[in-house]
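Trainee: Could you take me on a close look at a single part of this structure? I would like to follow it step by step.

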Amino acid sequence: MAIDFTLNQRPVRYDGDPAMPLLWYLRDHARLTGTKFGCGIGYCGACTVHLDGAATRSCVVPMSAVGGRRVTTIEGLASDGRLHPVQQAWIEEDVAQCGYCQAGQIMAAVDLITRTPAPSDADIATLTNLCRCGTYPRIRRAIRRAAAQLNRTRR
Amino acid sequence: MSAVPDTRALSRRAFLGVSLSAAGGLLLALRSGAAGQETAAAGEALGAFIRIEPDGRIVIGARGCEIGQGVKTSLPMLIAEELDVPWPAVTVEQLPYGLVAARDPPGFTSLYGPQGAGGSTNIPDGWHDLRLAGARARWLLIQTAARVWETPPDRLTTREAHVVHPDGRTLGYAELAPRAAKLDLPAADLPLKARSEYRIIGQPTRVVDARDIVTGVAAYGIDAAIPSALTALIARCPYFDGEVASVDEAQARRVPGVRQVVRIPGPRPGAPLDRNLAAGVAVLADDFWSARKGREALRITWTRPSGAADSSAALERRATAALAASAKIARRDGNPDEARNAAARVVEAVYVMPLLAHATMEPPNALIDLKPKSALLIASLQSPGGASQMIHAMTGVARTDIEIRLPRVGGGFGRRLQNDFVAEAVLVAQAAGTPVKVMWTREDDLQNDFYRPFGLHQLRASLDAQGRLTSWAHRVAATPRKYRAAGMEDAADWVGCVDPDGFPAGCVASYLAEFVPVDFSIPRGWWRAPLPTFCAFAVESFLDEVALAAGTDPLTLRLDLLGAPRELPYRDHGGPTLHTGRLGGVLDSAAGAIGYGRKLPAGRGIGLASHFTHGGYVAHALEVAVSQAGALEVVRCVCAADVGEIVNPLGLEAQMMGATLDGLSTALELEITVRDGRIEQSNFPDYRLLRMGAAPDVEVHLLPSGFPPSGAGEMGIPSVAPALANAIFAATGQRIRRLPVGDQLKSPARAS
């Protein structure tokens with residue numbers, strides 16, 4: 001049975017194996033490779049996307065659970081070529097080293113800031129995405145910078 | 001990401017030196033001297049690649065493997081500095097692996113110079129030759145302007161991509177480029193800028209791919225695709241040197257999307273591990289998910305070779321017994337036995353270093369397209385030269401017809417110095433007759449690694465009646481690094497496990513460094529700062545134990561031993577000398593920054609450690625708090641680094657932060673164990689990397705010593721674990737002698 005959903009604001013239809021995780025649909029079928037594979041068990045967060053706006057580990061979400069929902073990937077975060085403030089803050093704080101986990105980190109951070117507009121260090125500590133390069137201190141700075149930027153814009 | 005140029009189309013013209021680029025600009029690939037054997041040429045200044053287009057675009061090629069160490073930014077900075085162009089005007093393009101045939105003597109030489117990533121060598125390797133490449137291009141542009149203006153070239157200067165006439169006239173590089181491309185390169189070396197003239201070197205410079213990374217378009221090896229390639233997953237024998245006893249692939253072949261099932265051979269028992277690591281069965285499918293379902297549907301039985309009964313517990317028993325066996329002497333000064341016999345006091349301790357996996361965030365993978373007379377490899381690599389040699393050896397394709405593209409790499413840490421995953425892709429492609437992308441799961445990765453060796457470090461020191469150190473003996477019983485390691489057959493047994501010239505060698509009258517090899521069948525490899533991380537924990541923890549026994553402050557003990565600033569011989573990687581003043585300098589800096597010696601509340605402590613790593617000097621000072629229940633918190637974390645001339649302070653700070661957290665992550669929780677011949681860990685829940693909540697901020701202090709630069713990727717890790725253990729001791733009185741720390745602070749040992 002076909003599964004209809006929204007991917008980066010475009011309607012799409014999938015009619016393959018409903019058990020296939022969303023991650024592999026994104027990478028192998030939609031060829032959106034910004035979402036990364038790290039563990040396959042929903043632990044490391046490299047595959048984090050937004051499902052109806054909430055950060056979700058796409059390697060453990062079967063396609064059968066995606067029907068009728070909105071999927072946003074790192075490729076869909078900027079709008080009209082304008083970076084999301086979290087993406088911009090990531091550049092300004094020079095967060096990335098190898099960069100592999102950063103798409104997942106950014107998607108998780110956007111979700112955090114959406115839920116908690118002025119996140120404390122304790123709030124940021126709830127993020128469990130792994131970074132093997134050790135970029136955590138600059139991630140914290142980037143999240144604070146993006147949150148401040150967003151709060152200025154809202155005022 | 002920018003397009004990767006085609007090496008083969010480029011190489012012939014570029015080899016000749018200067019030529020017109022496709023768009024009519026200046027194309028420069030610089031060479032010095034005659035082309036020799038590839039190995040001979042690797043250490044010579046060779047060249048880089050610059051393109052100046054008529055539209056003003058200045059394209060600088062990045063030759064290295066970008067594994068997160070920042071070379072795609074820092075190496076082009078060196079070229080841009082001497083080319084004298086504004087950094088924002090530069091577009092960086094990743095270069096592929098570049099190889100050209102040489103005639104006299106016959107062999108190969110690299111088009112762009114060294115391209116691997118290992119041993120923190122990219123910056124020291126490029127420091128002279130990449131700046132020279134920029135200077136030569138600038139020289140050509142000046143010569144051209146001199147002809148246009150009919151003015152002697154030595155009267156002309158450059159500024160921001162323009163040649164400037166004494167009367168104020170300027171000519172843009174883009175205008176000059178087409179004519180400059182027709183000139184011959186200067187034969188001799190050119191003078192390089194003095195430090196006071198730097199406009200780019202030393203400036204905080206962001207990662208060139210930052211925008212591509214945050215928008216998800218930066219391409220890694222795992223993202224490579226060619227239309228005809230199938231995706232393969234391999235079921236590997238879980239026992240080292242085991243083989244497929246039987247396989248029933250009928251179910252796997254029925255999985256929708258599965259196209260082929262092929263067997264691949266493993267290494268010959270006892271032979272060097274210069275190809276793939278394990279025998280297995282590969283399932284080729286249209287996509288990852290189908291391949292994975294197919295792999296799960298295989299029914300395989302494996303043979304169990306003799307090593308399949310081994311365990312970590314048995315390994316540690318063997319190593320403990322080995323400490324009492326006769327050892328091979330790596331260095332001996334004075335007479336340690338005599339000093340011990342005459343001593344007022346002897347201090348002794350044994351430290352345990354676990355096996356470690358690399359666990360790069362991007363698991364290994366390789367896409368290969370084999371044709372009868374050519375090959376294309378796209379993969380995340382640290383050793384493209386090794387991959388090129390391996391593909392040639394396995395396929396017979398001429399090395400100059402093997403194209404290797406170098407996408408960004410999702411972490412290296414030494415894992416990808418081995419190209420076993422490339423060998424797998426070749427074997428699968430040969431067996432299946434199709435282009436293939438071999439993918440690894442995290443389980444595949446943790447269970448099929450070249451692990452950091454396991455070892456026991458026995459330290460013995462003697463003190464005289466005044467508490468002065470009279471001898472230092474360091475005996476290592478470990479699984480030798482060279483075990484079945486291709487290219488290390490002739491190395492001494494202790495290479496990679498004993499640091500004969502490391503501090504305090506040369507600072508104690510009687511000194512002994514020894515090695516006892518311990519049998520073990522699991523493969524081992526290079527793991528970030530391989531020798532320093534393996535030795536620093538024991539040496540720098542024991543220095544604190546000696547200080548305690550001597551009634552001396554640990555910092556004072558170290559500085560007294562280091563003595564007057566001088567250079568001591570150091571024969572391992574990073575030598576030929578170790579500068580005691582620079583080591584003391586980073587210690588002083590870290591101690592000063594953390595307020596060493598100040599009074600702390602109960603349950604808190606500060607620990608220090610330093611280490612000389614690959615030519616760089618780093619010290620850590622950590623302040624920890626340990627609760628009554630044994631909960632550990634790193635309250636402050638200071639890192640002081642002297643890696644000589646600083647190319648990119650922003651990138652250098654990132655390397656030190658990252659390595660510090662890598663060191664903390666590893667010291668706190670990481671260990672690979674073996675049971676019944678199999679690796680026990682299978683995914684991140686049982687190989688627990690540090691997470692955000694436990695990661696302290698790292699205060700990085702960069703010391704501008706002005707020495708020529710070492711690299712920076714590895715220097716920041718070795719001193720973390722001992723600084724942590726020394727801080728824990730200061731806080732609790734409990735000495736950690738076994739890594740990882742794990743639950744030791746919560747154990748009953750603490751109460752005693």
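Mentor: Happy to! Domain 2 and domain 3 of chain B have C-alpha centres that lie 37 Å apart. The contact between them takes 13 residues from domain 2 of chain B and 14 residues from domain 3 of chain B; two residues are in contact if their C-beta atoms, placed from the backbone, lie within 7 Å. On the domain 2 side, the residues divide into 8 nonpolar, 2 polar and 3 charged. Here Ala, Val, Leu, Ile, Met, Phe, Trp, Tyr, Cys and Pro count as nonpolar, Asp, Glu, Lys and Arg as charged, and the others, Gly among them, as polar.

Please keep in mind that this is a predicted model, where local features need pLDDT of at least 70, side-chain atom pairs count only at pLDDT 80 or more, and totals for chains, interfaces and linings use all residues. Residues are numbered from 1 along each chain as its sequence is written, while chains are lettered from A and ligands numbered from 1 in the order in which they are written.

Where does domain 2 sit along chain B? Domain 2 is made of 221-305 + 364-439, and domain 3 of 323-356 + 450-751, with bounds that come from an automatic or database domain assignment.

Now for the strands of chain B. Strand 19 (residues 374-378) and strand 20 (residues 402-405) of chain B pair in the parallel sense over 4 bridges. Strands (E, at least two residues) and helices (H or I, at least four) are DSSP runs, numbered from the N terminus, and two strands pair if DSSP finds at least two bridges between them. In this pairing, L376(B) stands opposite E403(B) of strand 20.
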